[in-house]
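Here is a short briefing on one protein model. Keep the sequence and the 3D view open as you read.

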Amino acid sequence: LLNPYYTHPNENPSVAIIAQVLYGANYHSWSCAMLLALKTKKKVQFVDGFLPRPALNDPNFTIWDHCNTLVVSWLHHSLNLDILQTIMWMETALDIWNTLKKRYYQGDVFRISDLQEEIYLLKQGDTTITTYFTKLKGLIQELDNFRPIPSCTCVVVCACDLIPVIKSYREGDYVIRFLRGLNEQYSTVRSNIMMMDPLLDLDKVFSILIQQERQLVVQFDDSLVFAQVDTSHGTYGRGRGH
């Protein structure tokens, strides 16, 4: 089922497998989309180094070359023309992938510091919960792309819970940041969530806040209806008094 040499009859080398085109500045979103597409086609091993080019006399060389050419073609169709011209003559998908990463991967300290500042300064303001959450989530995902939590590299894989604990700490930090950026009308539900132990994950907190937002909107609409009814009754009463 996971055979990387398998190709579906409908897999066409002359079409793009993602809608996004790499033009440089969008490398991070482009690479995520491309990796996801290659995973669905069971071809990600051709760009992550886990399936290197076999020797010419290897029985798998012909089928490897076919699959590699397919991935190279998909990469070509997802590149801006100017970028395509600079990698046109590279023969392996791995070489193309690594070259593009070296050129456009902006994993420097300056971008990381900008993301951290944006995350800690972001407030809901006059936006909806959904808009605020989407903006924050995008910044978080980009920061996590630059600073991924490492996995165990021991020869004998550790049995301790260190990595899961680190992940829970990071998730908790993001939940707190999301809650702290909310407007004051959510102060009660914010306090209730922050007192929970263990702290809920970010998606669950978002779900709770969405429900609270709907409830506030309904209450606001009801208050408008009552105000209109009171006003009409008052006018009617004064009219009969005359």
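Helix 1 gives the most to the lining of the largest pocket, with 6 residues. This is a predicted model, where local features need pLDDT of at least 70 and side-chain atom pairs count only at pLDDT 80 or more, while totals for chains, interfaces and linings use all residues. Residues are numbered from 1 along each chain as its sequence is written, and side-chain values use heavy atoms, leaving out hydrogens and water.

**The largest pocket**

- The largest pocket holds about 320 Å³ of space.
- A pocket is an open set of points on a 1 Å grid over the protein atoms alone, where a 1.4 Å probe fits, with protein on both sides within 12 Å along at least five of seven lines; lining residues have an atom within 4 Å of a point.
- Its lining includes Tyr-27, Ser-31, Trp-97, Lys-101 and Asn-145.
- Helix 1 and helix 4 each supply at least two lining residues.
- Helices here are DSSP runs (H or I, at least four residues), numbered from the N terminus.
- By class, the lining has 6 nonpolar, 2 polar and 2 charged residues.
- Ala, Val, Leu, Ile, Met, Phe, Trp, Tyr, Cys and Pro count as nonpolar, Asp, Glu, Lys and Arg as charged, and the others, Gly among them, as polar.

**Helix 1**

- Helix 1 covers residues 27-40, and its 14 residues should span 20 Å at 1.5 Å a residue.
- That expected span is 1.5 Å times one less than the number of residues.
- The end C-alpha atoms of helix 1 are 20 Å apart, which agrees.
- Buried residues of helix 1 include Trp-30, Met-34 and Leu-38.
- Buried means under 20% relative accessible area, exposed over 50%, and partly exposed in between (1.4 Å probe, protein chains only).
- The buried residues of helix 1 pack against helix 2, helix 4 and helix 6.
- Just after helix 1, Lys-42 takes a positive phi of about 60 degrees.

**Helix 2 against helix 4**

- Asn-68, Val-71, Val-72, Leu-75 and His-76 in helix 2 meet Ala-93, Ile-96 and Trp-97 in helix 4.
- Contact means heavy atoms within 4.5 Å.
- This contact has 6 nonpolar, 2 polar and no charged residues.

**Lys-135**

- Lys-135 is found in helix 6.
- Is Lys-135 buried or partly exposed? Lys-135 is partly exposed, because its relative accessible area is 44%.
- Lys-135 touches Glu-118 and Leu-122, not counting residues up to four places away in sequence.

Conventions:
Grid points are joined across faces, edges and corners, and a volume is the space filled by probe spheres set on the points.
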